[in-house]
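Please read the points below beside the sequence and the coordinates. They are set out as a colleague's note, going from the whole chain to single residues.

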Amino acid sequence: MLPHPSLTAHYASTEAKPEFVNQLFNKGAAHYDGIVDWGFLRSGAAYRRWTQKRHGLRPGHHLLDVACGTGLVAVEAAKILGTAENITCLDPSEGMLAVAKTKLPAKFVLGRAEKMPFPDNSFDFLTMGYALRHVTSLEDTFREYRRVLKPGGKLLILEVTKPSGRVREFFFRVYFGRIYPFLTQLFTRSRDARDMMRYYWETMDACVPPTTVVAALNSAGLAEVKRIPLMGLFSEYVAVKP
Ligand SMILES: C[S@@+](CC[C@H](N)C(=O)[O-])C[C@H]1O[C@@H](n2cnc3c(N)ncnc32)[C@H](O)[C@@H]1O
């Protein structure tokens with residue numbers, strides 16, 4: 001299953017989605033950190049660290065950060081682990097990886113969540129921050145997560161989810177659909193950055209509901225699957241490899 005239907009205004013078919021998404025992040029990479037910093041009211045680093053700690057990341061763990069982007073999740077993980085040497089960062093965008101490499105001495109791998117170049121049972125903890133909408137199959141992705149986690153290993157997926165309720169959805173739509181892309185272009189003077197944030201909104205708007213993500217995690221054979229909503233805006237999906 002796709003995390004959202006094909007967005008044919010941007011790419012012709014699901015087969016063309018990875019290349020489109022890759023170009024989008026390659027072109028927007030230089031602006032990404034600045035945009036998400038003010039766009040989420042400077043809460044991003046503290047939240048990424050707090051949530052990994054709350055869900056049990058601890059020193060000694062081998063961590064895989066899938067869709068690491070510019071390294072925002074991994075940098076916070078390194079503070080908890082006390083080192084970056086047990087962190088592996090995976091992303092298909094060379095532009096995003098190039099920024100991440102300047103921030104921490106982790107292991108960086110070019111690749112995609114749906115088919116990862118790691119042996120079975122490799123990691124104690126797996127994170128994916130704000131990228132689930134970009135995969136081409138939830139089933140393939142979650143099967144891979146189950147495969148590379150060690151038995152008892154934990155999965156943590158962070159997402160922004162469109163709120164239910166007309167008033168909250170209205171404000172969410174206005175902020176992410178209009179204000180955020182507009183301010184992005186104003187501050188960065190980059191159409192590439194604006195397009196990245198417009199697409200960000202379109203994928204949130206079209207995304208399958210949390211119940212579908214939870215069902216896909218369960219059918220991949222993961223256990224203790226839960227979605228923890230936060231402030232009606234964030235979703236934390238957690239699961240354990242049996
Ligand atoms: C919005 S950024 C998130 C970056 C970072 N995790 C964070 O918390 O800010 C989305 C990232 O997902 C990556 N991505 C896109 N398609 C992917 C896929 N199929 N597998 C893994 N990562 C993917 C993009 O290259 C991009 O770096």
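1. Basis. This is a predicted model, in which local features need pLDDT of at least 70 and side-chain atom pairs count only at pLDDT 80 or more, whereas totals for chains, interfaces and linings use all residues. Residues are numbered from 1 along each chain as its sequence is written, and side-chain values use heavy atoms, with hydrogens and water left out.

2. Overall fold. The protein chain contains eight helices and seven strands, which are DSSP runs numbered from the N terminus (helices are H or I with at least four residues, strands are E with at least two). The radius of gyration of the protein chain is 17 Å, close to the 18 Å that the globule rule gives for 242 residues, so the chain is as compact as a globular protein of that length; the radius is taken over C-alpha atoms, and the rule is 2.2 Å times the number of residues to the power 0.38. Along its principal axes the C-alpha trace spans about 45 × 35 × 35 Å.

3. Of the 242 residues, 52% count as buried, where buried means under 20% relative accessible area, exposed over 50%, and partly exposed in between (1.4 Å probe, protein chains only). Among contacts (heavy atoms within 4.5 Å) with a separation of 6 or more, 70% come from residues 24 or more positions apart.

4. Cores. A nonpolar core is here a set of buried Ala, Val, Leu, Ile, Met, Phe, Trp, Tyr and Cys residues joined through side-chain atoms within 4.5 Å. The largest has 47 residues, and those with the most contacts inside it are Phe 40, Ile 87, Leu 104, Val 160, Phe 176, Tyr 200 and Phe 234. Elements that each supply at least two residues of this core include helix H1 (17-39), strand S5 (149-160), helix H7 (191-206) and strand S7 (234-240). Apart from it lies another core, of 30 residues, among them Leu 126, Val 208, Ala 216 and Leu 222. Leaving aside neighbours within four places in sequence, Leu 104 is in contact with Ala 74, Val 75, Ala 78, Ala 84 and Ile 87.

5. A buried arginine. Arg 133 lies in the loop between S4 and helix H5 (138-148), and at 1% relative accessibility Arg 133 counts as buried. Not counting residues up to four places away in sequence, Arg 133 touches Pro 3, His 4, Lys 17, Glu 159, Tyr 200, Thr 203, Met 204 and Cys 207.

6. An exposed loop residue. Arg 189, in the loop between H6 and H7, is by contrast exposed, with a relative accessible area of 73%. The C-alpha atoms of Arg 189 and Gly 221 are separated by 46 Å, although 32 residues apart along the chain.

7. Backbone angles to check. Most residues other than glycine have a negative phi. Asn 121, in the loop between strand S3 (107-110) and strand S4 (123-129), has a positive phi of about 55 degrees and is partly exposed, with a relative accessible area of 40%. Glu 224 lies in strand S6 (residues 223-230), has a positive phi near 50 degrees and is exposed at 59% relative accessible area.

8. Helix H6. Phe 170 lies in helix H6 (residues 166-188), and at 49% relative accessibility Phe 170 counts as partly exposed.
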